[in-house]
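Trainee: I have this one open in the viewer. Can we go through it together?

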Amino acid sequence: MTKKKQIVAIGRAAVDLNANEINRPMEETSTFTKYVGGSPANIMIGTAKLGLDVGMIANVSDDQHGKFITNYFEKIGVDTSQIHVDENGHKSGLTFTEIKSPKESSILMYREEVADLYLAPEHVDELYIKNSEYLLISGTALAKSPSREAVIKALLLAKKHDVKVIFELDYRPYSWVSEEETSIYYELVADQADVVIGTRDEFDMVERYKPLTDKEISELLFKSTPHLVVIKHGVQGSNAFDKEGNVFEGKAFKANVVKTFGAGDSYAAAFIYALVKGKSVEEALKYGAASAAIVVSSHSSSEAMPTVDKIEKLIKEQS
């Protein structure tokens with residue numbers, strides 16, 4: 001019998017080009033360093049570096065950028081057997097990042113007709129989903145067809161085979177037609193997931209969550225499938241709620257901040273790692289916060305994903 005993957009993700013795999021000249025605007029920046037990017041890709045890289053057996057379901061371009069993404073996954077230990085190479089000339093998305101100051105960073109994304117949104121339902125293999133403990137769904141993959149249908153197929157297969165579903169909201173406004181459309185698909189998937197993770201701003205993209213407190217949002221979700229809801233508030237920390245009525249507060253860790261992006265993916269990777277390893281929610285919140293602090297202190301996102309030793313060292317130092 002094939003050994004089960006601990007977690008597989010479906011969605012965006014792209015290329016990040018991070019400015020080398022920091023503390024200046026992008027128009028004055030001459031050089032960039034290339035990394036693999038995209039929220040689910042970063043999270044799988046993070047969990048692989050933490051020692052989990054993971055895989056990625058994605059569509060990449062049939063060119064040097066697509067090869068760069070796949071080669072890096074293989075180097076880190078992310079299974080690439082379900083990465084489809086685009087046959088119709090769609091290019092992998094590019095993200096240029098600007099680091100003006102530790103508090104002021106921005107991203108410029110090229111996402112017109114990108115390969116990741118052309119992942120199709122026929123690229124999703126039932127046996128691969130069945131042989132996984134967890135499926136991670138990233139919100140951006142719901143933005144357009146056929147990627148949207150591919151994700152819904154993966155979700156239905158996960159439900160069919162009792163695979164736990166983690167929904168990472170990963171809201172990118174430029175991928176969507178309207179907030180109303182976002183709200184529909186986010187609510188649809190959130191109600192079917194076991195674990196829902198996102199920032200407070202991302203939860204506010206779902207119309208029915210907008211006027212509610214964090215606790216009220218979780219209570220609404222608990223009427224459906226979810227049993228754990230994590231709502232992040234940046235440097236203010238995070239709140240987690242479970243279906244049994246427990247409330248957990250996670251504090252942010254001190255960091256020597258280089259940039260503000262990358263924190264969410266590193267947080268999710270370490271939080272998910274802790275959950276998969278059977279650690280408590282309190283411990284998972286610490287792992288997530290420590291991992292985020294390490295990545296915002298670094299130039300890259302995917303390359304800077306920490307090891308378990310680094311995370312546990314920081315937790316010990318700041319406890």
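Predicted model: local features only at pLDDT ≥ 70, side-chain atom pairs only at ≥ 80, totals over all residues.

Trainee: What share of the residues counts as buried?

Mentor: Of the 319 residues, 57% count as buried. As for contacts between residues at least 6 apart in sequence, 70% join residues at least 24 apart.

Trainee: Which ones are the buried residues?

Mentor: In helix 1 they are Ser39, Pro40, Ala41, Asn42, Ile43, Met44, Ile45, Gly46, Thr47 and Ala48.

Trainee: What follows helix 1?

Mentor: Glycine 51 follows helix 1, and its phi is positive, near 105°.

Trainee: On to packing. What numbers describe two packed helices?

Mentor: The angle between their axes and the distance between the axes. For helix 4 (residues 147-160) and helix 5 (residues 179-192), the angle is about 15° and the axes are 11 Å apart.

Trainee: Parallel or antiparallel, then?

Mentor: Helix 4 and helix 5 are roughly parallel, because an angle under 35 degrees counts as such.

Trainee: Left-handed or right-handed crossing?

Mentor: The crossing of helix 4 and helix 5 is left-handed.

Trainee: Which residues of helix 4 and helix 5 meet?

Mentor: Helix 4 brings Arg148, Leu155 and Lys159, and helix 5 brings Glu181, Tyr185, Val189 and Gln192. By class, this contact of helix 4 with helix 5 has 3 nonpolar, 1 polar and 3 charged residues.

Trainee: Some of those sit four places apart. Why do residues three or four places apart point the same way?

Mentor: An α-helix has 3.6 residues a turn, so residues at that spacing point the same way.

Trainee: What about helix 9 and helix 10, at what angle do they cross?

Mentor: The axes of helix 9 (residues 281-296) and helix 10 (residues 308-318) cross at roughly 100° and come within 9 Å. Helix 9 is therefore roughly perpendicular to helix 10.

Trainee: Which residues meet there, in helix 9 and helix 10?

Mentor: Lys286, Tyr287, Ala290, Ser291, Ala293 and Ile294 in helix 9 meet Lys310, Ile311, Glu312, Leu314 and Ile315 in helix 10. That contact of helix 9 with helix 10 has 7 nonpolar, 1 polar and 3 charged residues.

Trainee: Changing topic: where is valine 85?

Mentor: Valine 85 is in strand 6, residues 83-85. It counts as partly exposed because its relative accessibility is 38%.

Trainee: What does valine 85 touch?

Mentor: Apart from residues up to four places away in sequence, valine 85 touches Asn59, Val60, Ser61 and Asp62. Its C-alpha is 9.4 Å from that of leucine 119, which is 34 residues away along the chain.

Trainee: And lysine 251, buried or exposed?

Mentor: Lysine 251 counts as exposed, because its relative accessibility is 67%. It lies in the loop between strand 14 (247-250) and helix 8 (263-276). Beyond its neighbours within four places in sequence, lysine 251 contacts Gly237 and Ala289.

Trainee: Which residues does the cis peptide bond join?

Mentor: Serine 145 and proline 146 are joined by a cis peptide bond, with omega about 10°. Proline 146 is in the loop between strand 9 (132-138) and helix 4.

Trainee: And what is phi of asparagine 23?

Mentor: Asparagine 23 has a positive phi near 65°. Its place is the loop between strand 2 (14-19) and strand 3 (32-37).

Key:
Residues numbered from 1 in each chain as written. Heavy atoms only, no water. Axes fitted to C-alpha atoms, helices over the stretch in contact; angles between N-to-C directions. Helix = DSSP H or I, 4+ residues; strand = E, 2+ residues; numbered from the N terminus. Parallel < 35°, antiparallel > 145°, perpendicular 65-115°, else oblique. Left-handed = near helix turned anticlockwise from the far one by under 90°. Contact = heavy atoms within 4.5 Å. Nonpolar A, V, L, I, M, F, W, Y, C, P; charged D, E, K, R; others polar. Buried < 20%, exposed > 50% of the residue type's maximum accessible area, 1.4 Å probe, protein only.
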